[in-house]
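I opened the notebook to record what I looked up today. The entries follow in the order I took them.

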Amino acid sequence: MSLKEGYFSDDGKEIDPLTVPLPALCSSCLKNNDANEEVPCLLNRMDQMEEIRKGEMFLCFAYEPNDPSVNKKQILCDMEKYWAEQNRKYLAQKKKKRV
């Protein structure tokens, strides 16, 4: 038995890396063109593909702005707030389903 190489979704579907959207945040990140960061960045984008396509906020807590005038602290704070709100909504829905 041979193992197939590549990228796969949780359900086993192969993902072509060229089809993974590149959020604007990635375009302004120092790690965007760093070969050492290519795989972790791609995996993070793959994990959020549906959210990216729906126009939701892309979350990357490893973000490093390539422009020193960008307020990294504020961007990360905005991500944390968004993530907390999404978790709150998810937990509320989950609680409703149990009742």
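This is a predicted model: local features need pLDDT of at least 70, side-chain atom pairs count only at pLDDT 80 or more; totals for chains, interfaces and linings use all residues.

**Core and contacts**

Leaving aside neighbours within four places in sequence, I found L76 in contact with C60 and F61. I placed L76 in helix α4, which covers residues 72-98.

Is L76 buried or exposed? I read 17% relative accessibility for L76, so it counts as buried; the cut-off for buried is under 20%.

I then checked a distance. The C-alpha atoms of L76 and E50 are separated by 21 Å. These two residues are 26 residues apart along the chain.

Next I looked up the largest nonpolar core. It has 10 residues. I listed L25, C26, C29, I52, F58, L59, C60, Y63, L76 and M79. Which elements give two or more residues to this core? I noted α1 (24-27) and α4. I also logged a second, separate core of 5 residues. Among its members are I15, V20, L42 and M49.

I went back to L59, a member of the largest core. Leaving aside neighbours within four places in sequence, L59 is in contact with N44, Q48, M79, Y82 and W83.

Where is Q48 placed? I found Q48 in the loop between α2 (38-47) and α3 (49-53).

Key
Residues are numbered from 1 along each chain as its sequence is written. Side-chain values use heavy atoms; hydrogens and water are left out. Helices (H or I, at least four residues) and strands (E, at least two) are DSSP runs, numbered from the N terminus. Buried means under 20% relative accessible area, exposed over 50%, partly exposed in between (1.4 Å probe, protein chains only). Contact means heavy atoms within 4.5 Å. A nonpolar core is a set of buried Ala, Val, Leu, Ile, Met, Phe, Trp, Tyr and Cys residues joined through side-chain atoms within 4.5 Å.
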